[in-house]
Amino acid sequence: MDVEMEDLKTGTVVVEKVMGKSTATRCFSKYPLKFILPRKVGSSQTDAVWIYALTYGGGIVSGDSISCEFTIGDGCTAVLTTQASTKVYKCVGSRCSVQIYEARIGIDALLVVIPDPVTCFSTAKYSQKQVFRIMSNSSLLIVDWITSGRHESGEKWDFTHYKSTNHIYLEGDEPLFLDTVLLEQGSTVTIAERVQDYQVLAMVIILGPKLKHVQTKVQEDVKNMMSEQLQLPATSLRRYSAPSTSHSLIKPSFLASCSPFGPQGSGVVIRIAAMTTESVYRFLQQQLASLEPLVGVLPYC
């Protein structure tokens with residue numbers, strides 16, 4: 001990348017093989033973004049570069065614009081994560097905060113994107129876009145999730161606008177996965193009224209040969225989990241209802257669905273709605289535990 005293009009970016013990281021090990025050969029960031037790359041995560045046998053993305057002030061301020069580019073070279077492994085939830089502060093005027101990540105993942109390479117959730121403050125406006133360009137045998141795992149806000153301050157789905165876009169392209173410009181989540185306050189129905197009791201929305205994308213074992217486990221576990229939750233005994237199907245109107249179903253506290261995508265089901269997307277952030281953390285810990293040999297430590301632990 002030339003200097004002029006780098007100046008337009010808020011951050012750039014390049015990971016390449018150096019003497020047989022995944023190594024960050026370029027790392028650049030500027031305000032309001034900061035990258036931390038620890039020298040060692042997990043055992044000395046782990047071949048993975050960990051990248052922590054931080055923002056000065058502990059969050060994204062109204063009007064901030066962050067644009068990052070990541071290149072994961074052939075045969076390399078990298079993990080992109082955060083140290084805490086991404087806070088999006090209150091909107092000033094009509095300014096929207098924007099974050100754009102672009103990543104290229106090489107042949108037989110693995111990128112794991114496992115941030116903590118986004119938490120938007122009251123009136124916040126936030127838009128993020130993540131674009132991934134992969135090869136046919138690249139592997140990619142993405143966790144993208146949002147909480148309802150600052151519960152301790154009485155805020156639940158009080159932000160004004162949230163948009164999250166994830167695009168995956170195969171070997172250049174062939175669309176493989178295109179997805180956008182949009183949450184906006186309506187003139188007649190609020191976000192809280194639409195989401196009701198659920199306080200977390202999450203999406204997990206698992207793709208590629210190195211993650212086939214993770215795909216298999218999560219598909220089976222989600223199937224079993226939802227079968228158990230949705231097949232409740234008749235005596236348990238009543239809640240908050242008067243004796244004369246006792247047909248209300250218990251609302252599951254954790255909902256998940258699994259759908260394959262891509263050629264021959266090469267990828268799977270899991271969508272989650274949960275009543276607590278802790279339950280999503282537990283789910284991610286359990287489902288991603290088998291990544292430890294690849295990335296050095298247990299994700300989200």
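Visitor: What should I know about the numbering and the model before we start?
Guide: Residues are numbered from 1 along each chain as its sequence is written. This is a predicted model, where local features need pLDDT of at least 70, side-chain atom pairs count only at pLDDT 80 or more, totals for chains, interfaces and linings use all residues, and side-chain values use heavy atoms, with hydrogens and water left out.

Visitor: In what order do the strands of the 7-stranded open sheet lie?
Guide: Strands are DSSP runs of E, at least two residues long, and helices are runs of H or I, at least four, all numbered from the N terminus. Two strands pair if DSSP finds at least two bridges between them. The edge strands, β2 and β15, each pair on one side only. The pairing is mixed, and the order is β2-β1-β6-β9-β12-β14-β15.

Visitor: Do β1 and β2 pair in the parallel or the antiparallel sense, and which residue of β2 is the bridge partner of V13?
Guide: Strands of a sheet pair through backbone hydrogen bonds, either parallel or antiparallel. β1 and β2 (residues 21-29) have 8 bridges, in the antiparallel sense. The bridge partner of V13 in β2 is C27.

Visitor: Which residue of β6 is the bridge partner of T12?
Guide: β1 also pairs with β6, and these two run parallel. They are joined by 5 bridges. For T12, the partner in β6 is E69.

Visitor: Which residues does F70 touch, not counting residues up to four places away in sequence?
Guide: Contact means heavy atoms within 4.5 Å. By that rule, F70 touches V13, F35, I51, L80, Y101, E102, A103 and R104.

Visitor: How many salt bridges does a search of the whole structure find?
Guide: Side chains of opposite charge can pair when their charged atoms come close. A salt bridge here is a side-chain nitrogen of Lys or Arg within 4 Å of a carboxyl oxygen of Asp or Glu. The search of the whole structure finds 8.

Visitor: How many residues apart in sequence are the parts that K9 and E102 tie together?
Guide: K9 forms a salt bridge with E102, with the closest N and O atoms 3.3 Å apart. K9 lies in the loop between α1 (3-8) and β1 (11-18), while E102 lies in strand β9 (residues 97-105), so the parts tied together are 93 residues apart in sequence.

Visitor: How far apart are the closest N and O atoms of R133 and D173?
Guide: R133 sits in strand β12 (residues 125-134), and D173 in the loop between β14 (161-170) and β15 (174-184). R133 is partly exposed at 22% relative accessibility, whereas D173 is exposed at 62%. The two form a salt bridge, and their closest N and O atoms are apart by 3.1 Å.

Visitor: Within what arc do the buried residues of α4 fall?
Guide: In helix α4 (residues 277-287), the buried residues are S279, V280, F283, L284 and Q287. The arc is that of the directions from the helix axis to the C-beta atoms. The buried residues line one face of the helix, because they fall within an arc of 135 degrees.

Visitor: Which two residues does the cis peptide bond with omega of about 10 degrees join?
Guide: Most residues other than glycine have a negative phi, and most peptide bonds are trans. The bond joins Y31 and P32.

Technical notes. Buried < 20%, exposed > 50% of the residue type's maximum accessible area, 1.4 Å probe, protein only.
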